[in-house]
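Please look over the sequence and the model shown here before reading on. The report is meant to be read side by side with them.

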Amino acid sequence: MAELTKADEPTDATPNVSEVDVADVHSEEEAVAALDAHVDRGEPILQVRNLVKHFPLTQGIVIKRQIGAVKAVDGISFDLYQGETLGIVGESGCGKSTVAKLLMNLEQATAGEIFYKGQDITKLSGKALKAVRRNIQMIFQDPYTSLNPRMTVGDIIGEPFDIHPEVAPKGDRRRKVQELLDVVGLNPEYINRYPHQFSGGQRQRIGIARGLALNPEVIICDEPVSALDVSVQAQVINLMEGLQDEFNLSYIFIAHDLSIVRHISDRVGVMYLGKMAEIGTDEQIYDHPTHPYTQALLSAVPVPDPDARDHRERIILTGDVPSPANPPSGCRFRTRCWKAQDKCAQEVPLLAVPERFKSSDSPAAHESACHFAEEKDVVHAG
Ligand SMILES: Nc1ncnc2c1ncn2[C@@H]1O[C@H](COP(=O)(O)OP(=O)(O)OP(=O)(O)O)[C@@H](O)[C@H]1O
Ligand code: SF4
Ligand SMILES: [Mg+2]
């Protein structure tokens, strides 16, 4: 695969661990967390700042009147670093796909900024936007509906070259598509076949090959394995991990399955009702969550070990997720939170490292949007 840029040597942006004084760190777990806290991840490739997407709610057929808005994404900030995977989890409807579409510029942001290598892509248009979009690609959830059944695999994978002929001039396209088929583990001779002649896992490989065609740096993966059988999920995840190493890709990986997200992610963000509740390394979020919502999510993950199951504390959330058109005041989680107090209705908790953990090396020292953030011993996924 000569023409896709490979991640051969460490670059300036390659994460490296700065010198950390571990003399005072007692357990191996604390040592890992202390190292994580000091990892120099380089410059972020994507910086999302106060991103907002409100979908207008209208009334009337002829004269449409706006009567409100669905606050699908309501002020989200996070960074994505070169070569890392940032997992995003949260219940259905919390705004994960809307974030993905905003990053892809498939939806226009109501407010906020998305910096790609320092340039705000929400303000770009025309040629400048086209050039940036080449570097940010997407893998979709459902390989059964996302591939046009009337196009051959060669045409599907090669379609992005119509928009960016500079990547593969016409005479070179067939060879390039065959290379891509090879990279994702499919027989290059299948180039003239149609999507219905492939299994679900193979179709997702076709989707991945298409995502790679323009040699992007960032790939947004919205539930990329949710529609696949469990046995095939692992193969596709392994393929994605291999490609990440080979081409130094940065992934945003959205999924429901907390175990899969832990497996593939370096860092994880937990969303609730259009907001980021908690964000940190996979160890910080899965083993040391401080936000009650994350604790509740993790306590519901099935545990295969019967001993661990007997000792776990299940946190059952009561009440439904409120409507994003009319979210609760203050903390959005307060209507379902067992720790809620008056302050939670009055003040929006900011996503920040809680004051009490700020000067500690504890793995609890990560960003959490809760006025009363503290660790709780919940049995976590694998
Ligand atoms: N085009 C739209 N118009 C109006 N509301 C929308 C639109 N797209 C999404 N929404 C609403 O925004 C909210 C967030 O939707 P989104 O699809 O981002 O959630 P999600 O976290 O991806 O959910 P799931 O896990 O089910 O895929 C939902 O309440 C949804 O109904
Ligand atoms: S701010 Fe209050 S309601 Fe929100 S998660 Fe923390 S304790 Fe619960
Ligand atoms: Mg979604």
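The model is predicted. Its largest nonpolar core has 82 residues, and those that touch the most other members are Leu180, Ala209, Ile252 and Val270. Strand β4 gives the most to this core, with 6 residues, and the core draws at least three residues from each of domain 1 (28–265) and domain 2 (275–368). In soluble globular proteins, nonpolar side chains tend to be buried together.

## Helix α6 and what covers it

Helix α6 spans residues 173–183, and its buried residues are Val177, Leu180, Leu181 and Val183. Because these buried residues fall within an arc of 160° when the helix is viewed down its axis, they line one face of α6. An α-helix has 3.6 residues a turn, so residues three or four places apart point the same way.

The cover over the buried residues of α6 includes α4 (153–158) and α7 (200–212). Just after α6, Gly185 takes a positive phi of about 80°.

## Surroundings of the two ligands

The residues that surround ligand 1 are Phe55, Val70, Ala72, Gly90, Ser92, Gly93, Cys94, Gly95, Lys96, Ser97, Thr98 and Pro324. Both β4 (65–81) and α2 (96–103) supply at least two residues of this shell, and α2 gives the most, with 3 residues. Sorted by class, the shell around ligand 1 holds 5 nonpolar, 6 polar and 1 charged residues.

Around ligand 2 there are 13 residues, of which the closest are Cys331, Arg334, Cys337, Cys344 and Cys370. By class, the shell of ligand 2 is made up of 9 nonpolar, 2 polar and 2 charged residues.

## Two residues with positive phi

Most residues other than glycine have a negative phi. Asn215, in the loop between α7 and β9 (218–222), has a positive phi near 60°.

Leu273, which is not a glycine, has a positive phi of about 45°, and Leu273 is found in the loop between β11 (267–272) and β12 (275–281). Because Leu273 has 25 C-beta neighbours inside 10 Å, Leu273 counts as buried.

Leu129 lies in helix α3, residues 126–133, and is partly exposed, because 14 other C-beta atoms lie within 10 Å. Beyond residues up to four places away in sequence, Leu129 touches Asn105, Ile121 and Leu124. Leu129 and Asn105 are 24 residues apart in sequence, and their C-alpha atoms are 9.1 Å apart in space.

Ala369 lies in the segment after β13 (367–368), and Ala369 is buried, because 24 other C-beta atoms lie within 10 Å. Its contacts, leaving aside neighbours within four places in sequence, are with Lys275, Met276, Ala277, Glu278, His291, Pro349, Leu350 and Leu351. Among these, Glu278 is 91 residues from Ala369 along the chain, yet their C-alpha atoms are separated by 6.1 Å.

Definitions and conventions. Residues are numbered from 1 along each chain as its sequence is written. Chains are lettered from A and ligands numbered from 1 in the order in which they are written. This is a predicted model: local features need pLDDT of at least 70, side-chain atom pairs count only at pLDDT 80 or more; totals for chains, interfaces and linings use all residues. A residue is buried if 20 or more other C-beta atoms lie within 10 Å of its own, exposed if 12 or fewer, and partly exposed in between; C-beta atoms are placed from the backbone. Helices (H or I, at least four residues) and strands (E, at least two) are DSSP runs, numbered from the N terminus. The arc is that of the directions from the helix axis to the C-beta atoms. Two residues are in contact if their C-beta atoms, placed from the backbone, lie within 7 Å. A residue is near a molecule or strand if its C-beta atom, placed from the backbone, lies within 6 Å of it. Ala, Val, Leu, Ile, Met, Phe, Trp, Tyr, Cys and Pro count as nonpolar, Asp, Glu, Lys and Arg as charged, and the others, Gly among them, as polar. A nonpolar core is a set of buried Ala, Val, Leu, Ile, Met, Phe, Trp, Tyr and Cys residues joined through C-beta atoms within 7 Å. Domain bounds come from an automatic or database domain assignment.
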